[in-house]
Amino acid sequence: MIKNALQHQENWQRMWRNPKPKAHYDFIVVGGGGHGLATAYYLAKVHNQSSVAVIEKGWLGGGNTGRNTTIVRSNYLWDEAAHLYEHAMKLWEGLSQDLNYNVMFSQRGVMNLGHNLQDMRDIERRVNANRLNGIDGEVLDAQQCKEIVPIMDCSGSTRYPVLGASWQPRAGVARHDAVAWGYARGADQLGVDIIQQCEVTDILIEDGAAVGVDTRQHGQIKAGRIGCVAAGNSGVLAGMAGFELPIESHPLQAFVSEPIKPILDTVVMSNAVHGYMSQSDKGDLVIGAGIDGYVGYGQRGSYPVIEHTVHAIMELFPIVSRVRMNRQWGGIVDTTPDACPILSATPVENLFFNCGWGTGGFKATPGSGHVFADLLAKGKPNKLAEAFTMFRFYDGALIDEHGAAGVAH
Amino acid sequence: MFVIYCPYCEEHREEEEFHASGQAHLARPLDPDNCTDKEWGDFLYFRKNPRGLHQELWQHTAGCRKFFNITRDTVSYKILETYKVGESPKVNLEDASHG
């Protein structure tokens, strides 16, 4: 480190190679965000696949991986979703060790507030469901909330009083960029080719089976199996392959404040008043808002949503009323009708999609990659993935997490 | 912030008066008793999600409360036209996306 300091920090070794793409890979993962890189990493690590490429049109982790509010939790209501997110949670708990890369996973707890009697009944139901599934959870009353978060107005004199909350102590936050970089470095060391700044322009299909992709920068690249992990752009890729997905892409925005002294050592979320907040290690308040109600690919959000969220945050935390906001941005989230993801085979053979994580994909990053790698390697879903087929929207077996699991939107 | 022209009120009003209701021109199956699961699934859940021009149904919830349609670009967010339910759009999506 001293040597590098004397060399103006210019000679650090690269964390991953920048290879030229080969003509053929056994597996191509389209999308170099957290989920895509995790998929490639587990393909190489768990399934011993050596011929794997990740194709990314921009830079690694430049989409929603770098745009989320870094919350990790697994307190979902329905069994299928709870098992999937808890699988991810267990991987989070050993992730820094596994990758030998500090992802700064901090289990500081997540609180989902209830503001009326129905909220509290739903919270009790969800916490009970979580505990039956082996997921930690507690129901707190307003006094206990106040003890954990002293700066929160739990007085009962607000427009939407805090009556209590669900509390998952094992939940928390992680450093989003480090997750992408850790997986990228890990995958690269296991022989995965990470090809950046290479945009997929078409999916090559012969006799109803995908055989490769066409790219703007490197021409055609053939593949045995293709996994698309492109979040908001999944619909565009599905269009190339000739089918539609039950997905709409919406802007979801967040903002961070100027750095201030530590005031909040946990994560507070409220679905009813629609805002959530945590404090980063730098001291910025990280505030999440709701989605815009219309389809949009511009990576920005609308002003009414900012105003709405700031109202909620100021009512909950009067102390922050004069904190200035530093940055505001939007990410494009791929929302499904039941607020659950799609991990699925498609009408095109050898083409698989991992998408539809909507507003809560970051928390699932390790689990998503682990399960999707299994699906790609074996060609059929395992027990965790089978409920998340895209064909559930035909047979009606939806997993309705809308509003059920503290899904905020 | 969108400033949307309501074709019924014949006025430009701000986005907050309106509610986006998803894709426009969804026709309920004519013979619902004899639809396959796929036809129902397509009608209920599968939506166009274009990166570009999109026809959407909006409601003037804090105004006349009537539904109308918008042709809008989902990348630039430019609104090309608004038209009443039952009317045909003037912007042809195919022509506009190639032009």
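Okay, let's start with H10(A), which is mostly covered: 12 of its 14 residues are buried, and buried here takes 20 or more other C-beta atoms within 10 Å of the residue's own, with C-beta atoms placed from the backbone. Keep in mind this is a predicted model, where local features need pLDDT of at least 70, side-chain atom pairs count only at pLDDT 80 or more, and totals for chains, interfaces and linings use all residues. Residues are numbered from 1 along each chain as its sequence is written, while chains are lettered from A and ligands numbered from 1 in the order in which they are written.

Among the buried residues of H10(A) are A:His370, A:Phe372 and A:Asp374. Helices, by the way, are DSSP runs of H or I with at least four residues, and strands are E runs of at least two, numbered from the N terminus.

Just after H10(A), A:Gly379 takes a positive phi of about 80°.

Now, chain B. Its average pLDDT, the predictor's confidence in each residue from 0 to 100, is 92. The model scores ipTM 0.91 and pTM 0.93.

At the interface, 18 residues of chain B are in contact with 20 residues of chain A, contact being C-beta atoms, placed from the backbone, within 7 Å. On chain B's side, strand E3 (19-23), helix H1 (37-44) and strand E4 (53-59) each give two or more residues. The largest share, 3 residues, comes from H1(B).

Methods
Two residues are in contact if their C-beta atoms, placed from the backbone, lie within 7 Å.
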